[in-house]
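Keep the structure in view as you read.

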Amino acid sequence: MNPVLKLLLEGGRLTTAQMAQVAGLSVAEVEQHLEQLKKDKIFLGWRPVLDLSRDAAAGAAVRAVIEVKLTPERGGGFNRMAERLCQFDEVESCHLMSGSYDLLVFVNAPTLQKAAAFVSEKLSTFGGVLSTSTHFLLRSYKEGGFRLDDGEGSGDRLNVSP
Amino acid sequence: MSTTSNRWVARHVATLPRSGIRDFFELVAKMKGQDVISLGVGEPDFTTPWHVRKAAITALEEGKTYYTSNLGMPELRKAVSHYVTEHFGVNYRPDDQIIITVGVSEALDLAFRAFCNPGDKVMYHQPCYVSYHPSISLVHAEGVAVPTYAKDGFALTAEALRAAWTPGCKILMLNLPCNPTGGTCDRAQLEAIAAFCREKDLLVFSDEIYSELTFEGTHTSIASLPGMQERTVFLHGFSKAFAMTGWRIGYACGPAELIDAMMKVHQYAMMCASIIAQEGALEALQRGWDNVCEMRDQYHRRRDLVVRRFNEIGLTCHSPRGSFYAFPTTTGIGMSEKDFAVGLLKEERVAVVPGTAFGENGLGHVRACFATSYEQLVVACDRIERFVNGARK
C-alpha cells in the first residue's frame with residue numbers, strides 16, 4: 001500500500017514533514033505521494049474534527065440524518081439522483097444503503113427551521129424522492145475516531161518506569 | 001544501639017541498592033507540567049483493547065468477586081496452554097504445569113524463592129531488567145552478570161556464558177527479547193546456550209514477556225529446544241503484547257514438580273491473582289490476537305523511525321530485533337549516559353533512562369522507549385537532535 005495512504009488511514013495528526021520522518025521519505029516524496037493520491041481521487045482533502053457543542057455560537061447548528069427512499073431513474077439508477085442531491089450545500093455526506101431505504105443523507109443547517117425547510121421544500125419535492133425520514137442528532141459521543149468526552153484516563157501514567 | 005526505625009530493617013534489605021530508575025523518576029517528577037516527552041516508560045502507550053476491559057466489567061457485573069484456585073482459573077490455564085503450544089511450540093498440562101501469577105514479576109520472585117538456596121549462583125545477562133539482581137540478593141543467592149554487547153546486537157552468546165561460569169552456578173536467567181536493549185538470540189545462538197545449560201546442568205528461567213514484539217525473524221523459546229523443557233521455567237504474561245501492564249497478570253509453565261514448588265510459595269504469599277484481571281486475560285487470549293498484531297506493526301514502524309533518527313543524529317544505535325526499546329550509545333558524542341539523560345531532560349524536556357540503571361554493562365547507553373505516538377516521537381527526535389548539536393558546539 002502507498003505508505004502515505006497507510007499513515008492517512010491511521011488517522012494521525014501528522015504534518016507533511018512528520019509523515020516524511022515516520023515513513024522514512026523526504027518531504028518532497030510525501031508531497032508527490034499526496035499529489036498522486038489526489039490525482040487518483042483517493043485523497044480528497046483535509047477537514048478538522050470539531051466538537052462544536054463546546055462553542056456556544058457554532059454549537060447552535062443542527063445536524064440531521066435523513067433516510068431517503070427513491071424511485072430509481074431509468075438509465076441512471078440511484079447514482080444520478082444521489083449526485084444531484086449532493087449538489088445541495090446542506091448535504092454533508094450521502095451514502096447508498098442496503099436495507100429498507102436507499103440513501104442516508106447527513107445534513108448540516110444553522111437552525112432547526114432551516115433544516116426543516118431543507119427537508120420539506122428541497123428534498124421531499126425532489127423528483128424521484130418517494131419518502132424521507134428525518135432524525136435529528138441530539139448529542140455526539142464519538143466523531144471521526146475521536147471521543148468527545150475527556151478521553152481515557154491515561155493521564156496518570158508514570159513518566160519513568162522499569 | 002541505633003535509635004532510628006532503620007534498626008528494624010533486615011540487613012539484606014538495608015543493603016539493597018536503590019533502583020537507578022527511581023532516582024531518575026524523581027527528577028522527571030519535579031518537571032511535571034513542563035511539556036516533558038517521556039521515552040522513559042516501560043509500558044505500551046496503548047490502552048488495553050476495549051473488549052478485554054469489557055470482559056472484566058462483565059465479570060464484576062456477574063458478581064465474580066471471589067478467590068480462584070491457587071493455580072489460577074482452570075479456563076485461563078487451558079487458554080494459556082493452548083496459546084503457548086500454538087506460539088512457542090511447547091506443551092504444558094493446564095492441571096499441574098501452569099500457574100497464573102501477579103505479573104511476571106511475581107512468577108520470577110516465586111521461582112527465585114522456590115529454587116535458590118543461600119549461596120547458589122544465578123547467571124543473568126546484563127544490561128537487564130532492574131529487578132533481577134535485587135531479586136537474587138533477596139533470596140541470599142549470588143548474581144553472576146554475563147555481559148552482552150552492542151556489537152552482537154546485545155544477543156547473549158554461549159562464549160560469554162562460558163567465560164562467566166564458575167562452580168556453584170545453578171540457574172540461568174534469560175530475558176529475550178531483552179529490556180532494556182531489545183537484543184535477542186536467533187535459534188542457532190539459543191541452541192549453543194541450551195547445549196551449555198545441559199552440559200552444566202543449569203535450570204533456566206526464561207522471561208519471554210516481549211516475545212510477541214519480535215520484528216525480525218521468528219521468536220524461538222529455549223523451552224522448545226531438545227532436552228530443555230524439563231529444565232526450563234517458562235515465564236510470560238499479558239502486560240506488553242496485550243497492553244495490560246496495570247492488570248498484573250503473568251504465568252509460569254514448567255515441569256509439574258517445579259510448578260508445585262512455586263505454588264507452595266504463591267499460595268501463602270498471594271493466594272491467587274485477581275479474578276477480575278484473570279477474566280480480562282482470558283478474553284485477551286481468546287479474541288485479542290488481532291490487537292497484538294496491530295500494536296506490533298505500530299511498534300515496528302516506530303522502531304524504524306527512532307533508530308534511523310538516532311543514527312542520523314549521531315547516537316549510534318543498533319536496531320533492536322524485539323521489544324519497544326532502543327538502546328543507543330552516547331559515547332560517540334562524548335557524553336556519559338547520566339550527563340546525557342539529565343542534560344536532555346533539563347534542556348529539551350525529553351526523558352530517557354541512563355543505561356547504568358540496568359547494570360554496569362549499560363555504561364555509555366540510554367534506554368529510549370518508542371511505545372509512544374508518532375507525533376511525540378518525531379518531536380522528541382527533533383529535540384534530541386537540537387540537544388546533541390548544542391552539546392557538540
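Helices and strands here are DSSP runs, numbered from the N terminus; a helix needs at least four residues and a strand at least two. The model is a predicted one.

Begin with a single residue. Lys240(B) sits in the loop that links strand E7 (232-237) to strand E8 (250-253) of chain B. Is Lys240(B) buried or exposed? A residue counts as buried when 20 or more other C-beta atoms lie within 10 Å of its own. Lys240(B) has 26 other C-beta atoms within 10 Å, so Lys240(B) is buried.

Now look at what surrounds this lysine. Leaving aside residues up to four places away in sequence, Lys240(B) touches Pro44(B), Ile209(B), Tyr210(B) and Leu213(B). Glu43(B) is 197 residues from Lys240(B) along the chain. Yet the C-alpha atoms of Glu43(B) and Lys240(B) are separated by 6.5 Å.

Step back to the domains. Chain B splits into domain 1 (9-48 + 291-392) and domain 2 (50-288). The C-alpha centres of domain 1 and domain 2 of chain B are 25 Å apart. How many residues of each domain are in contact with the other? In chain B, 34 residues of domain 1 meet 38 residues of domain 2.

Consider the domain 1 side of this contact in chain B. Helix H11 (289-313) and strand E9 (325-326) of chain B each supply at least two of its residues. H11(B) gives the most, with seven residues. By class, the residues on this side of domain 1 of chain B comprise 14 nonpolar, 15 polar and five charged.

Follow E9(B) into its sheet. Three strands of chain B, in the order E9-E12-E11, make up an open sheet with antiparallel pairing. Why is one side of E9 and of E11 in chain B left without a neighbour in the sheet? E9 and strand E11 (353-354) of chain B stand at the edges, and each has a single partner strand, so one side of each has no neighbour there.

E9(B) joins strand E12 (residues 366-369) of chain B in the antiparallel sense, over two bridges. Ala326(B) stands opposite Ala368(B), which belongs to E12(B).

Last, turn to the contact between chains. Chain A brings 15 residues to the contact, and chain B brings 24 residues. The side of chain A that touches chain B has five nonpolar, seven polar and three charged residues.

Methods:
Residues are numbered from 1 along each chain as its sequence is written. Chains are lettered from A and ligands numbered from 1 in the order in which they are written. This is a predicted model: local features need pLDDT of at least 70, side-chain atom pairs count only at pLDDT 80 or more; totals for chains, interfaces and linings use all residues. Domain bounds come from an automatic or database domain assignment. Two residues are in contact if their C-beta atoms, placed from the backbone, lie within 7 Å. Ala, Val, Leu, Ile, Met, Phe, Trp, Tyr, Cys and Pro count as nonpolar, Asp, Glu, Lys and Arg as charged, and the others, Gly among them, as polar. Two strands pair if DSSP finds at least two bridges between them. A residue is buried if 20 or more other C-beta atoms lie within 10 Å of its own, exposed if 12 or fewer, and partly exposed in between; C-beta atoms are placed from the backbone.
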